[in-house]
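Here's a quick tour in questions and answers for anyone opening this one up for the first time. Have a look at the picture, then read on.

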Amino acid sequence: MAQNLPSNKTIFSGLQPSGNLHIGNYLGAIKQWVRLQENNTALFCVVDQHAITVPYEPKELQNRILDAAAMYLAAGVNPEKSIIFVQSHVAAHTELAWLLSTVTPYGNVTRMTQFKDKSKKLSSKDAISLALFSYPVLMAADILLYNTNVVPVGEDQVQHIELARDIAERFNKQYGPVLTMPEAYIPQETARIMSLTDPKKKMSKSDGEKTYIALTDTAEVIRKKIASAVTDTDPIFSFKKSGPAVQNLLAIYKAFSEKEDQDIEKAFEGKGYKDFKESLAEVIITALSPIQEKYKTLREDDTDLRFTLGRGMHRAQQIANSTLHQVKEVMGLL
Ligand code: AMP
Ligand code: TRP
């Protein structure tokens with residue numbers, strides 16, 4: 001399903017500030033945001049209230065929120081074009097989430113696969129919070145507050161967007177047409193970047209250092225991780241016959257180099273994987289190094305970053321409060 005690049009739309013997306021962002025987050029999310037901000041009205045949020053739905057380290061959270069925001073900017077999200085803000089700075093998110101939860105069928109939320117996956121990973125039953133369960137309703141509020149048309153996300157988030165659409169439809173049916181129907185936007189080739197050690201699993205920060213490339217990894221670390229990434233049993237690189245592990249490395253190569261299939265095929269067809277992997281590591285290093293430099297500057301002195309987030313907060317609050325006001329009015333609240 002190829003999707004056209006949206007234009008003249010309102011775009012909303014967010015990432016959790018839960019540690020090391022990796023190239024899956026970059027290719028599947030942030031890099032798409034940078035493209036989308038050009039011809040659309042865009043809002044990009046650091047969803048800190050989603051990050052606290054599982055056990056976390058309070059002492060680290062503030063830094064992680066700033067890290068995530070700095071990475072948005074370093075990767076090219078432009079605060080002159082887009083609204084960049086922190087979810088907990090706009091109280092309307094949690095307020096709307098409560099109101100929306102009144103039109104959300106409990107049974108529909110029990111079907112969310114991310115909740116099931118995350119619950120399984122937690123060490124005790126008591127660690128499964130009510131907030132983890134109602135997480136998708138807060139996500140629906142994030143999206144619906146801004147009259148969002150398009151939500152760029154990785155494939156794993158589609159079920160949540162479907163729920164947000166269901167909630168909007170139910171709300172509008174019951175109370176009148178206040179909420180805008182959002183749509184997911186999933187760039188196909190980078191929708192699912194897989195683990196470097198197991199091509200059946202999505203690249204994720206929770207599976208150990210060797211499985212992902214963090215956006216802050218040094219050149220040396222990137223070379224090592226790519227060198228030890230799994231490939232196929234056939235020792236010779238073949239573009240057309242490659243299995244899932246090599247397909248994944250190819251997707252990463254293509255996304256970072258923006259080269260065409262034929263050029264990559266010509267360069268490596270019939271050679272051993274070593275050449276391809278060495279080149280892949282350099283492609284990643286070249287693409288990440290300007291981002292890393294900018295990130296370092298932004299994190300060395302927080303002043304500009306905090307200013308940008310303050311401005312984003314005010315701009316977001318204006319839109320969010322207006323939607324919230326309309327919602328409360330049609331719901332009959334005083
Ligand atoms: P997460 O870090 O899992 O909360 O994901 C944050 C964003 O990055 C979401 O839009 C995800 O769909 C996207 N994302 C996470 N991991 C990957 C991956 N391996 N490949 C593509 N997109 C991803
Ligand atoms: N649940 C998303 C994730 O884990 C993060 C998120 C929260 C989000 N609210 C959102 C993404 C609104 C898009 C729109 O990646």
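Q: Which element gives the largest share of the shell around ligand 1?
A: This is a predicted model, where local features need pLDDT of at least 70, side-chain atom pairs count only at pLDDT 80 or more, and totals for chains, interfaces and linings use all residues. Residues are numbered from 1 along each chain as written, chains are lettered from A and ligands numbered from 1 in the order written, and side-chain values use heavy atoms, with hydrogens and water left out. The shell is made of residues with a heavy atom within 4 Å of the ligand, and helices are DSSP runs of H or I with at least four residues, strands being E runs of at least two, numbered from the N terminus. Four residues of the shell around ligand 1, its largest share, come from H1.

Q: Which backbone atom lies 2.7 Å from a nitrogen atom of ligand 1?
A: Polar contacts here are pairs of N or O atoms within 3.5 Å. The side chain of Asn-25 has an N or O atom 3.0 Å from an oxygen atom of ligand 1, and a polar backbone atom of Gly-154 is 3.0 Å from an oxygen atom of ligand 1. At 2.7 Å from a nitrogen atom of the ligand, we find a backbone N or O atom of Ile-193.

Q: How many polar residues are in the shell around ligand 1?
A: For the classes, Ala, Val, Leu, Ile, Met, Phe, Trp, Tyr, Cys and Pro are nonpolar, Asp, Glu, Lys and Arg are charged, and the others, Gly among them, are polar. In total, 18 residues surround ligand 1. They divide into six nonpolar, four charged and, to answer the question, polar ones numbering eight.

Q: Is Ile-23 buried or exposed?
A: Ile-23 sits in helix H1, which spans residues 23-36. Buried means under 20% relative accessible area, exposed over 50%, and partly exposed in between (1.4 Å probe, protein chains only). Because its relative accessible area is 0%, Ile-23 is buried.

Q: What share of ligand 2's accessible area does the protein cover?
A: Start with the contacts: a nitrogen atom of ligand 2 is 2.6 Å from an N or O atom in the side chain of Tyr-135, and a polar side-chain atom of Asp-142 is 2.7 Å from a nitrogen atom of ligand 2. On its own, ligand 2 has 360 Å² of accessible area (Shrake-Rupley, 1.4 Å probe).

Q: Which helix gives the most to the shell around ligand 2?
A: Strand E1 (10-15) and helix H7 (130-144) each supply at least two residues of this shell. The one that gives the most, with four residues, is H7.

Q: What is the volume of the largest cavity?
A: A cavity is a set of points on a 1 Å grid over the protein atoms alone where a 1.4 Å probe fits but cannot get out, and lining residues have an atom within 4 Å of a point. Points are joined across faces, edges and corners, and the volume is the space filled by probe spheres set on them. The search finds one cavity of 30 Å³ or more, and Tyr-135 and His-160 are among the residues lining the largest cavity. Its volume is about 40 Å³.

Notes. A polar contact is a pair of N or O atoms within 3.5 Å; within protein, one must be able to donate a hydrogen and the other to accept it, and residues adjacent in sequence count only if both atoms are side-chain atoms. On a 1 Å grid over the protein atoms alone, a cavity is a set of points where a 1.4 Å probe fits but cannot get out, and a pocket is an open set with protein on both sides within 12 Å along at least five of seven lines; lining residues have an atom within 4 Å of a point.
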